[in-house]
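Good morning, and thank you for coming.

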Amino acid sequence: MLCEFLLKGLSIVLKYQKIIDCLLSVTSNVFHFFAKNAEYPYIVWKESGEGSEVAADNQKLQCSISFDIDLYFKTVDYEFIKKLEKAFNTNRISFQLTDVEYDENSQFINYHYEVEI
């Protein structure tokens, strides 16, 4: 039983590492939860919860983890976006662009992705 628990925990850690490695393959400007004085463009990621699960015998056997990925630009860099989406595909990470906003106060553009591993 303990071995199963450790394997499940390792599985979650590997999912976190997979998203971090994927984002770092695009830029070194990657931050968890928030960025302070970051250089544009940059990425902020956070875990948002569990996604799909597989259960049997009233026990969770495995689950995916959902993440929110935010890109911040002063001017849109479509090559940066293509590079990120290619990295998601290469790493077999399910993704969806859910929102694009312009913040007039800070004058940045935010692309928001929801991803699941």
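How many residues does helix 2 have, and how far does helix 2 reach from its first C-alpha to its last? Helix 2 has 13 residues and reaches 18 Å, close to the 18 Å expected at 1.5 Å a residue. The expected span is 1.5 Å times one less than the number of residues in the helix. Helices (H or I, at least four residues) and strands (E, at least two) are DSSP runs, numbered from the N terminus.

A word on the source. This is a predicted model, in which local features need pLDDT of at least 70 and side-chain atom pairs count only at pLDDT 80 or more, while totals for chains, interfaces and linings use all residues. Residues are numbered from 1 along each chain as its sequence is written, and side-chain values use heavy atoms, with hydrogens and water left out.

Let us stay with helix 2. Its buried residues are Phe-80, Ile-81, Leu-84, Ala-87 and Phe-88. Because they cover an arc of only 125° around the axis, they lie on the same side of helix 2; the arc is that of the directions from the helix axis to the C-beta atoms. On the other side, Tyr-78, Glu-79, Lys-82, Lys-86, Asn-89 and Thr-90 are exposed. Here, buried means under 20% relative accessible area, exposed over 50%, and partly exposed in between, with a 1.4 Å probe and protein chains only. At the start of helix 2, a side-chain oxygen of Asp-77 comes to within 3.1 Å of the backbone nitrogen of Glu-79. After helix 2 comes Arg-92, with a positive phi near 55°.

I turn now to the core. A nonpolar core is a set of buried Ala, Val, Leu, Ile, Met, Phe, Trp, Tyr and Cys residues joined through side-chain atoms within 4.5 Å. The largest one has 24 residues, and Ile-19, Leu-23, Ile-43, Ile-69, Leu-71, Phe-88 and Tyr-113 have the most contacts inside it. At least two residues of this core come from each of helix 1 (2-24), strand 2 (42-56), strand 3 (59-73), helix 2 (78-90) and strand 5 (108-116). Strand 3 gives the largest share, six residues. Apart from this core lies another, of five residues, including Ala-38, Tyr-42, Tyr-72 and Phe-108.

How do the strands pair? Two strands pair if DSSP finds at least two bridges between them. Strand 1 (residues 30-32) runs parallel to strand 2, joined by three bridges, and Val-30 stands opposite Ile-43 in strand 2. Strands 2 and 3 pair in the antiparallel sense over 12 bridges, with Glu-53 opposite Cys-63 in strand 3. These two strands form a hairpin with two residues between them, and Asp-57 in the turn has a positive phi of about 55°.

Finally, consider His-112, in strand 5. Is His-112 buried or exposed? His-112 counts as buried because its relative accessibility is 14%. Leaving aside residues up to four places away in sequence, His-112 touches Asp-68, Ile-69, Asp-70, Gln-96, Leu-97, Thr-98 and Asp-99, where contact means heavy atoms within 4.5 Å. The side chains of His-112 and Asp-70 are joined by a polar contact of 2.7 Å. Such a contact is a pair of N or O atoms within 3.5 Å; within protein, one must be able to donate a hydrogen and the other to accept it, and residues adjacent in sequence count only if both atoms are side-chain atoms.
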